[in-house]
Each structure stands twice: as structure tokens, then as C-alpha cells.
Amino acid sequence: MAKKLLMGNEAIALGAIHAGVNVATGYPGTPSTEILETIARNNPGDIYVEWSTNEKVALEVAAGAAYSGARAIVTMKQVGLNVASDPLMSLAYIGVKGGLVIVVADDPGPISSQTEQDTRHFARFANLPVFDPSTPEEAFEMIQSAFELSERLQLPVFVRPTTRICHSCSTLEIPETRKKREVEGFIKDPRWVIFPSLSYKMHIRLEKLQDEIGDIFSNMSYNTITGEGKKGIVASGIAYSYVSEALSSISGKVKLFKVGTPYPFPKKLALNFIQGLEEVLVIEELDPIIEESMLEISAQNYGRPVILGKKTGHLPFAGEYNYQLVSSAINRFLGIEENDNENNKGILIDAPVLPVRPPTLCAGCPHRASFYAVKIALKNQKAIFTGDIGCYTLGNAKPLEMIDTCLCMGAGITVAQGLKRAQPDTKCIAFIGDSTFFHSGIPGIINAVYNNTDITVIVLDNGTTAMTGHQPHPGVGITMMNTFSEKVSIYDILIASGVRHVSKVNPFDHKKAVEAVKEAVNFTGPSAVIFEAPCIALVKPSNRQQVLNDRCILCKKCIREIGCPAISINNGKVSIEPSICCGCTLCAQICPAGAIRSVDE
């Protein structure tokens, strides 16, 4: 055994390796990204690891491996499961041979997501089991249990950590050895072909399995009952950790039901729990999945005990929970005045008021130069700018204000087409990043060509998946296994898709960039401009800029129009902070007085 301080995502990854995983796939998305990166970093050499082009592809690759008897894991964030939902629903019927674990990280808050959706709904929707870890230690154990359960039932199994589990750290004892698996290989069988007659048969099997799985869960150590009294609390995930901490400082009697497997619900254990109880408070983040299961059990027991939670207004529906919120809810439930709880004194600390810092593009980010070029090119024209998911979503902020819509991955290109159909007299410009282009942008491109929709697509190619930590993608030429592969050319894909006007330009060449956009926008039919410049976090800063005060006319155009965080007013003069300036020269190119020069000049 080796003791290691591990993040929850690292614990999940090492748990999968320890369980003998053969194939690992995924698409980067906070808070799940580090799982696959950790598997790749600790790969003993016989695990295939890939960043797939999107979550649907990742699940399908993992499913294929599991068909052959391999153990496979696929990772994504909650929004990515929407993309993967098509194969997921069919896979629930078809099943697997080797263990297939689908790790979907939920994001209460949300801290870095478009939605607060709850993956447990998908588990219930697909009739698939789900594990809900409350600590990184439990996540390490649950991954291994999930593989075993998947193979026992021949079904995919979910593990659903939330942000606080993914990114919190604990000291874990990691076994030195791991399970080695011999993969039997794919055996041809009609069970793998989802014809309607088979679907009907497998749906019946799946429904019958629900009670059986609930009984298995009732006997698992992840679900426990402790304490005593007339009042009870049910909690899961990170909320259970908050509840345990709060109850450790409360002297009153209370019964606690920890639910580590929320679906199928462990009904038998829940029936044991409610014996003798008058009221139950359910504490869970996001949607009232467990609360609804408890209400069902209460209804079958003549409405006893009374179930309290989100539906009764005792806990909030939205937002991430924390210790203070949970502790206060428990105190109200147990009739304890906040001040009576001596042990709580001193926990609530008045935090200093922090300055508001809106998210912004990095100093020297090529996307800023790209947005600015488009803005200048479309000046005084009736135009709508549709955005997408990535760093470039920040193009909506002042002073650029170049993102008018943002819906989901790949939707910038398709939303632009809808807008163009509704407003033919308006220029519609769609922004998309290089990774998102491969994820789900290509179908939108083909649709625009097929229907000859007059839009311009701006591909912001910074050579990486920047927002989630610089993961490679098909346009980079490097795989997750650190092998070189053929670079997939965005330009060639656009041409092959039938886009007749495609140009490539460096966005930091401001004059050429503006001209390229004007030519593309004036072309009738689908057109594209690929702005190529590496993410500023991947290149060494050079050619840093400075303001020549004797030339500066204080017009502040460099501040008003591009919003670079390196430029500010200091003692009444425009100044450039050398520690964050990357020398992109955009400010120097737009300065009307020629007052910005390289430090070395």
C-alpha cells in the first residue's frame, strides 16, 4: 500500500486502473477532465486512452471495447451526457460483456457549466444503476464496485461525482497491485443487434432488474443507517459529508440514512430506516431524486413518516450546498437555535469583500484579436454574432461584445443558420473553436452547405482545447497516448464539405485579418475564415510592449476597444503591465499615435 494525497478525480482514475480497466475514453469538460488525464499519466502501458471528438463517440468506443469483454471507462461532464444520450439509451437495452463504467461529473452551482442538470435523472431515465460518492476515498472504492456490478448485470453503470468530490483532496492508500484482465474478444451473437423484437424483450428484462438491483444496493456498504430517534435525515454525495460534520456537533438524537446508490433506490434498507420515525429531512444537491423515492415509500406506508426537503421548501432546489447551509437546515429541522450550538460558534467567519473580477480573455489571447478584427470588418453593418462553448464565450464581455448567442457545443453554426433564415438582410457570423469544430461543428457546416445558407463561420484555431487545460484534439497531431498521428486539417474539412470560400490568417496581423473577414462576409453562400494563432498559455512571451508617454494622446483606444487586462490607467497615464504582457502587438497596431512600442526597440 502506498499513501497518496489525491484529488477525487485522481482517486477515480486510480480506482479504474486498479480495477483492471482496458480502455478509457472521454471528452474534456470541467469538473471531469483530470480523470482521463490521470489514467494516461499512470498508464502501466496496456491501457488504451483517448480524447474522443465528443462524448457520443467516446461512449460508443467504450461500448465496443466492453462488447469484447474488456473493462472500459468513459468520462464526461453532465452536459456531455446530453450528447451521448442516443447511444446510452440503446446501450441500456443491448448491455455489455466487460464492465462499462460511465463517469459523469455533475456541477452544482454551476461553477463552469451551462446547466445544473442532475445525472441521476439520466440513470433513472435509462434504468441504469448509479453510484454517488461522498468522498474521494469512496469514489476510489465505488469505481471498482461499479465495474463488478456492470459485469454481474451486463449493464453499463454510472458513477456520478459532483464538483466538490472531483476537486477535493484526501489521503488514500493505493494498492501496489492491480487486477489484470484477459479480454476474451468479441463473439458474434444476435444480442448485439438492436432490432425491435429484441428491444421489447430487453426492455422487459431491464424493468425486472430494477427491484433486483435495489435489493443488491440495500446490502451494499455504501448505504448505511446510524443513530436513533424519532427524526431522521437522508443524505447522499457531498451533502452526506456536510451532514456528518454538522451532526458531530449536535447532541440531539437523530437517525441518519446515507445513500451511496440513489438509483435503483435501496427500498428494503429505506423501509428499515423509516421504522419509528415521525419526520425525515432529505438533503441532496440538485434535483429531489432521493426525496421522491422517500415520498413513494412514505405514501406506501400511509404517509408516514412525513418527508421534508426541496419540495416542502426546507432546502433550495438550485445551487451548490455547503456546510453552513446544511447545518442551518438541520438545526431548523431539529428545533435547535443556531446560537445554542456552541460548537458552531466560530465556524462562520466574515470573509473580506473581494473585488468583482469578471472573467476575461487572457492578455495576448489570439481570440481577442480575432473578435476585434471581425468587429472592425462588420462595423456599421447589421450583423448577429453567434458563439459557442469555450474560452471564446468570453467574447461576449465588454468592450468586445461579440457573442450575441451561446447555447451548447456546436450550436453557434446552426443557430446562425436559423437566424439567417428569419432575418435574410442580416449578416450572421458564427464563432467556433478548433476543438469544438471537431466535437460537433462539422454537421452544422455540412448543413449550411447543403441548404446554401449565407453565413460566415469564424474558426478560432489556437491549436488546443484551451479552456479545460490544453488537451489535444484531431487537429493537433498528438494523441492521448503521446503518439503522433496525421493532423486533421480544418481547412481541408471545410473545403471537402463544400464551403467555397475559406481563408486562413493570423489574427495578430490586424490589417490582413480585417480584410479576410470582409471578403468572407461579402461572399454569397457559406464562407469561413480560420484564425490561426497558438493559445497564449502555450508560447513563451516575447516582444513585450510599453507605452511611450511623450507620444500617448490619452485617447484610450487600446483600453476602450480591445480590453486587454495588461493595459490600464496608472497615475493618469496609460501603462502596460510587463508581467502579463505577451507581446501580441495588437495594441500597438491600433494605437493612432504610434505610442506603443516593443520594450526592445
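Here is a short chat about the fold and the charged pairs of a predicted model.

Student: Okay, what secondary structure does the chain have?
Tutor: The chain comes to 20 helices and 22 strands. Keep in mind that this is a predicted model.

Student: And what is the radius of gyration of the chain?
Tutor: For the chain it's 27 Å. A compact globule with 601 residues would have one near 25 Å, so the two agree. Along its principal axes, the C-alpha trace spans about 80 × 65 × 55 Å.

Student: How much of the chain counts as buried?
Tutor: 54% of the 601 residues do.

Student: Switching topic: how many salt bridges are there?
Tutor: The count is 23. Side chains of opposite charge can pair when their charged atoms come close. Take Glu138 and Lys258, whose side chains meet at 2.6 Å, N to O. That pair links distant parts of the chain, with Glu138 in helix 7 and Lys258 in strand 11, 120 residues apart.

Student: Is Lys258 buried or exposed?
Tutor: Buried, because its relative accessible area is 7%. Glu138 counts as buried too, at 10% relative accessibility.

Student: What about Glu10, which residue does it meet in a salt bridge?
Tutor: Arg41, at 3.6 Å from N to O. Glu10 is in helix 1 and Arg41 in helix 2, 31 residues apart. Here Glu10 counts as buried at 18%, whereas Arg41 counts as exposed at 55%.

Student: And Asp509, which partner does it have?
Tutor: Lys512, with the closest N and O atoms 4.0 Å apart. Asp509 is partly exposed, with a relative accessible area of 30%, while Lys512 counts as exposed at 55%.

How values were computed
Residues are numbered from 1 along each chain as its sequence is written. This is a predicted model: local features need pLDDT of at least 70, side-chain atom pairs count only at pLDDT 80 or more; totals for chains, interfaces and linings use all residues. Side-chain values use heavy atoms; hydrogens and water are left out. Helices (H or I, at least four residues) and strands (E, at least two) are DSSP runs, numbered from the N terminus. The radius of gyration is taken over C-alpha atoms; the globule rule is 2.2 Å times the number of residues to the power 0.38. Buried means under 20% relative accessible area, exposed over 50%, partly exposed in between (1.4 Å probe, protein chains only).
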